[in-house]
Amino acid sequence: MKQESVVIIGAGLGGLFTGAILAKEGYSVTLLEQNATIGGGLQTFERFGEVFDTGMHVIGGMRQGGNIRKICNYLGILDKVKLMDVDATCTDRLYFAEDQTFYTISQGREGFVDSLAQQFPEEKTNLERYVDAVFSLTEQIDLFNLRPSEDYLNLFAHSEAFLTSADDFIAQFVDSPKLRSVLAYMNPLYGGKAHQTPAYIHAIISTLYITGASRFIDGSSHFADLLANVITSHGGAIYPGDGVKWIEVNSERKIEYVRTIKGKQYKADYYISDIHPCTLLRLMDAKAFPKSYRERLDSIPNTFSAFSLYIKLKEDSFPYLNYSEYYMTRYDDIWNFDNTDKPWPLGFLFMTPPVSPQGAYSRKALVTAPMPFDIVRRFDVDGTRKRGEGYSQWKQEMADRLLALIEEIHPGFQQCIEAVNTASPLTIRDYFGAKEGTICGFSKDCRNMTLSQVPVVTKIKNLLLTGQNNNLHGFCGVPLTAINTSEVLLGKNYVINRINACNEHSSSIS
């Protein structure tokens, strides 16, 4: 039998997971990546003698019974993933500057309810109903639960609450306006917007974190390397530093070949894109896709971008925190991170990444603050990597603003800093090829889900899509989308059944 071949454009999390699945199932896989290192948001970089993650990776789905844990077991990499579980009694700590109040979130359904009921005792029953409803929504999603299904993506075949806006969903159960904002604290992880973000998106992220989250030890790039090893061990090839520059599409709407930056041509039976769909369109003739399709993709709003600090700490100066911290300015602004009319920042995430061995003190800290791309548009010179006048000074001003706010929750923090590196939405746009530097891909809108959904199958016969702009985003959503993409080639429910059979076998042995 002829071994069918696949060229994957982009070696981010989606490309690597899709490539690993297809390589394991017998396809000849080639990945082409424009950056010198693979991994997309899993990439790391070195500054000041420390290795920093490009993103803030607190991941769900890797605890016992978790969906991503099961996928990793199927791929044969589970025992090699280096993780540290966050504290059970404090998975997240929230701070609202408006009334200088801290909230501590505990793990598990009971822990989550009890921790918040300490400050909202009159809402305990409502909190229990809310948590039950959140888990009920995720239970409806076959793909999330790795259940065989005839149609993973039929979002209209669920309960009425499924496509309610997340803020309205929360309000159905909780009376206190403050508690409603507290329950929406993870908005920065999925680009949440009032009256737009569907409840199921909120439910997926909340379920993962309530169940239990973990962190990568010594950076996230080792996970990208594990996926890459699956591909290469099954005969695949990965070429970093040689991204696709042109895609040749014939009159029958089939890709003939792709040409890379270094001038090499690659041919395959199938092609899969792991880059932003709008970036993909610029790599081929405008006639390759119908005008209506191109206009539709261009019209889908993107989630906001971010401004980040990568901080090296002085030795033994700041404690290691085995939880994430969320700083919020005002309760009413929890849904307004894409707003350019209010002073920036409206909030940020703060974490100290674990190293091996992890002692009592942190060696580094990461700060990520949601930022609309419009704030940096004045520094964008003709869409190139050149920066307008004053960009460096502006970055320093933004860094100073964030550091001043960190002092509110950690007095004396600036005395612990040895060095700081910054990244803006322009950095994210240029480094990852993400339109407008989006950190969560296309924005989902419950008022127009038809626009929000981008199928993995395209009008080009041998081109598929994968990654965070299809279906679900994030460390959990992207691998699930990779299953969806892979099953277009392997057959409906083929991968799901293989994953479940593998994990049932592992359970029987243990």
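How do α1 and α8 lie relative to each other, roughly parallel or roughly antiparallel? This is a predicted model, so local features need pLDDT of at least 70 and side-chain atom pairs count only at pLDDT 80 or more, while totals for chains, interfaces and linings use all residues. Residues are numbered from 1 along each chain as its sequence is written, and side-chain values use heavy atoms, leaving out hydrogens and water.

**View 1. Helix α1 packs against helix α8.** Residues 13-24 (α1) and 221-233 (α8) pack at about 30°, axes 8 Å apart (lines fitted to C-alpha atoms over the stretch in contact, with angles from 0 to 180 degrees between N-to-C directions). The two are therefore roughly parallel (angles under 35 degrees). Helices here are DSSP runs of H or I, at least four residues, and strands are E runs of at least two, numbered from the N terminus. Contact residues (heavy atoms within 4.5 Å) include Leu 13, Phe 17 and Ala 20 of α1 and Phe 223, Leu 227 and Ile 231 of α8.

**View 2. Three strands form an open sheet.** The order is β11-β12-β13, with antiparallel pairing (at least two DSSP bridges between two strands). β11 (244-249) and β13 (265-266) are at the edges with a single partner strand each, so one side of each has no neighbour in the sheet. Two bridges join β12 (residues 255-260) to β13, and Arg 259 has Gln 265 as its bridge partner in β13.

**View 3. Phe 45 meets Tyr 310.** Ring centres sit 4.9 Å apart with planes at 85°, so this pair is edge-to-face (centres within 6.5 Å, planes over 60 degrees apart). Phe 45 is in β3 (residues 44-47) and Tyr 310 in β15 (residues 305-313), 265 residues apart.

How values were computed
Angles under 35 degrees count as roughly parallel, over 145 as roughly antiparallel, 65 to 115 as roughly perpendicular and the rest as oblique. Rings of Phe, Tyr and Trp (its six-membered ring) pair if their centres lie within 6.5 Å; planes under 30 degrees apart count as stacked, over 60 as edge-to-face and the rest as tilted.
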